[in-house]
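This briefing goes through one protein model, topic by topic. Keep the sequence and the structure open while reading.

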Amino acid sequence: MTGTDHLITGATVLTMDPVTGAAPVTRSIRIRGGEITAVEPTLTAEPGEDVIDGRDRLVVPGYVNAHTHSWEALFRARLDNLPLEHWMLLSYPVLGLAPLSPDLIRLRSALVAIESLRNGVTTLVDDVLEIPGQTEEQLAAVFETYRDIGIRANISGHVMDRPFVAHFPFLADALDPAERRALDALTVCDTGDYLAYAQAAAARYRDYADGRLRFMVGPSAPQRCSPELMVGLDELARRHDLEFHIHVLETRTQAVTGEEFYGKTMVEYLHSLGVLGEHVTIAHGIWLTDSDIEVLADTGASVSHNPISNLKLGSGIAPWRKLRDAGVNLGLGTDGMSSSDTARMSEVVKAAALLHKVTGPDYRRWPTAAEVLTAGTLGGARSARLGATVGSIEVGKRADLVIYDMTALAFTPRNAPELHLVYSENGSSIDTVMVDGRVVMTADRLTTIDERAVLDELQARGPELRRWQDHLETLNRSLLPAFDRQYRQVMSRAVPVDRFSGHGDCWLN
Ligand SMILES: [Zn+2]
């Protein structure tokens with residue numbers, strides 16, 4: 001027996017498998033070498049086996065956070081009431097930013113992993129955006145931190161290779177000459193260099209940490225990347241079976257940008273490049289047309305739905321039910337800790353269950369607990385190219401499990417476990433978290449990292465970090481009036497709202 005051999009006896013289980021889904025069943029679960037080898041109504045303990053008594057316990061697959069950016073962990077709780085384009089300028093400052101040191105990246109990644117595991121998140125899709133461009137050393141700092149802490153992750157080198165001013169339809173006209181010169185002086189990533197970098201990273205991190213951590217390609221968004229970059233990364237992703245992760249139609253500005261740049265929607269544009277497929281996850285997918293949804297369904301692309309971030313940045317409401325009806329695979333994501341201020345998927349699951357109840361009066365079409373839990377587990381796993389590996393409790397899958405104590409406050413008095421999980425639980429009832437069969441948290445303690453030391457160091461460095469951020473914010477805020485001018489241009493464009501499936505759906509308006 002090893003540290004990854006366990007028997008959980010007689011627990012209440014939400015298997016999240018395609019048959020049982022979120023219907024609670026009583027099961028015993030055997031785990032050998034990190035793999036689930038038996039799921040039965042009863043199993044008898046074998047000599048020397050690590051037995052976990054499942055009485056009063058709810059066992060669920062760990063959440064898969066299908067979209068986040070660990071960069072933002074240092075920027076949480078700094079900004080409020082800004083639309084995406086304005087917010088991005090201040091949370092990903094373009095003027096005056098020097099590369100972050102690997103030691104700060106380690107602390108930042110540890111913070112994200114700690115908050116995730118404490119909330120029952122066992123897989124992260126971390127679209128790592130470094131400004132002004134990721135180095136091998138910076139990428140290694142993320143891989144090493146997640147390796148040591150024991151979480152599962154897809155980790156990208158987020159990339160954009162078009163000049164900053166060219167990301168937006170009306171920014172060039174909104175800038176004064178000095179602002180334009182400052183932005184034109186920014187370094188632009190070389191497409192060929194980045195493709196070589198991504199190729200090397202895909203090879204270096206193949207089977208890293210027993211395959212628990214994988215490289216992912218993360219072209220930022222269609223309007224921020226050249227077609228050559230997207231096509232090159234698509235080929236790389238297909239060759240190595242990597243997730244291709246891209247932001248698409250998050251805001252009204254982006255919907256207008258598609259029309260202005262390409263005379264078509266961003267989804268139609270991506271489809272014309274031939275890059276959509278089962279390996280693709282589009283983050284957000286709010287300003288989709290009905291035909292965009294058909295294209296996503298036909299190509300097998302997934303959507304990561306990030307309701308808290310979308311609410312905070314006023315981006316709009318993704319067409320949840322239309323995407324579901326079309327058969328598009330949905331995952332759920334927190335997005336970064338600056339746009340949602342959290343890495344806790346329990347909040348996202350609850351927000352997803354609640355938000356769409358105001359989008360139409362037909363209550364039979366509101367999201368169910370089973371649907372949002374599926375998106376938060378198996379749907380996210382599928383979007384991350386991990387559908388055969390995690391996301392449900394089934395024989396042959398890796399044991400990424402969360403064990404909740406149903407005698408805790410959030411489960412008292414005890415009614416439907418799946419409804420407690422969606423609407424009442426906030427991470428505080430977690431008894432044990434297991435990733436790849438390894439117990440990474442138990443009895444309110446992370447077993448793989450000195451959590452206090454990470455928090456203490458970040459607290460101690462707080463004043464230094466805030467001075468650095470204040471300086472950057474002052475510098476970049478000078479561009480906000482130009483962004484306001486652009487924003488007014490966008491809002492004056494006649495966007496045929498009827499074409500868009502989600503926005504404008506709110507029946508309470
Ligand atoms: Zn994002």
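Predicted model: local features only at pLDDT ≥ 70, side-chain atom pairs only at ≥ 80, totals over all residues.

Is Arg-364 buried or exposed? Arg-364 counts as exposed, because its relative accessibility is 64%.

**Zinc site**

- The zinc ion has four protein donors, namely His-67 (NE2), His-69 (NE2), His-247 (NE2) and Asp-335 (OD), at 2.1 to 2.7 Å.
- The angles among these four donor atoms run from 81 to 176 degrees, and the site is irregular.
- Along the sequence, the donor residues follow the spacing H-x1-H-x177-H-x87-D.
- His-67 counts as buried because its relative accessibility is 0%.
- His-247 also counts as buried, with a relative accessibility of 6%.

- Glu-72 sits in the loop between β6 and α1 (84-91).
- Although Glu-72 is buried, it has no salt bridge.
- The nearest side chain of opposite charge to Glu-72 is that of Lys-312, 8.2 Å away; a salt bridge requires the nitrogen and the carboxyl oxygen to lie within 4 Å.
- Apart from neighbours within four places in sequence, the residues in contact with Glu-72 are Trp-87, Tyr-92, Gly-336, Met-337, Ser-338 and Ser-339.

**Salt bridges**

- Side chains of opposite charge can pair when their charged atoms come close.
- With the 4 Å limit between a side-chain nitrogen of Lys or Arg and a carboxyl oxygen of Asp or Glu, the count is 38 salt bridges.
- Arg-364 is paired with Asp-362 in a salt bridge, at 3.8 Å from N to O.
- Asp-362 counts as partly exposed, at 33% relative accessibility, whereas Arg-364 counts as exposed.
- Asp-184 and Arg-180 form a salt bridge in which the closest N and O atoms are 2.9 Å apart.
- Both Asp-184 and Arg-180 belong to helix α5 (residues 177-184), where they are four residues apart, about one turn of the helix.
- Asp-184 is partly exposed, with 44% relative accessibility, and Arg-180 is partly exposed as well, with 32%.
- Arg-344 and Glu-347 form another salt bridge, with 2.5 Å between the closest N and O atoms.
- Arg-344 counts as partly exposed at 26% relative accessibility, and Glu-347 counts as partly exposed at 29%.

**Backbone exceptions**

- Most residues other than glycine have a negative phi, and most peptide bonds are trans.
- The peptide bond from Ile-131 to Pro-132 is cis, and its omega is near 5 degrees.
- Pro-132 lies in the loop between β7 (121-126) and α3 (136-149).
- A cis peptide bond also runs from Thr-412 to Pro-413, with omega near -5 degrees.
- The loop between β14 (401-405) and α15 (417-424) holds Pro-413.
- Met-16 is not a glycine, yet its phi is positive, at about 60 degrees.
- Met-16 is found in the loop between β1 (6-13) and β2 (25-32), and it is buried, with a relative accessible area of 2%.
- Asp-444, a residue other than glycine, has a positive phi near 65 degrees.
- Asp-444 lies in the loop between β16 (438-442) and β17 (445-446), and it is exposed, with a relative accessible area of 53%.

**Annotated domain and a loop glycine**

- An unreviewed UniProt entry carries the annotation "domain: Amidohydrolase-related" for residues 58-440.
- The span of residues 58-440 is 40% helix and 16% strand, and its end C-alpha atoms are 17 Å apart.
- Gly-314 is in the loop between α11 (307-312) and α12 (320-326).
- Gly-314 is exposed, with a relative accessible area of 58%.
- From C-alpha to C-alpha, Gly-314 is 7.9 Å from Leu-84, and the two are 230 residues apart in sequence.

Definitions and conventions
Residues numbered from 1 in each chain as written. Heavy atoms only, no water. Donors = N, O, S within 2.8 Å, 3.2 Å for Na, K, Ca; no water. Tetrahedral: all angles 85-135°; square planar, octahedral: opposite > 155°, others 65-115°. Buried < 20%, exposed > 50% of the residue type's maximum accessible area, 1.4 Å probe, protein only. Helix = DSSP H or I, 4+ residues; strand = E, 2+ residues; numbered from the N terminus. UniProt positions renumbered as here; feature names shortened; annotations may be inferred. Lys, Arg positive; Asp, Glu negative; His and termini not counted. Contact = heavy atoms within 4.5 Å.
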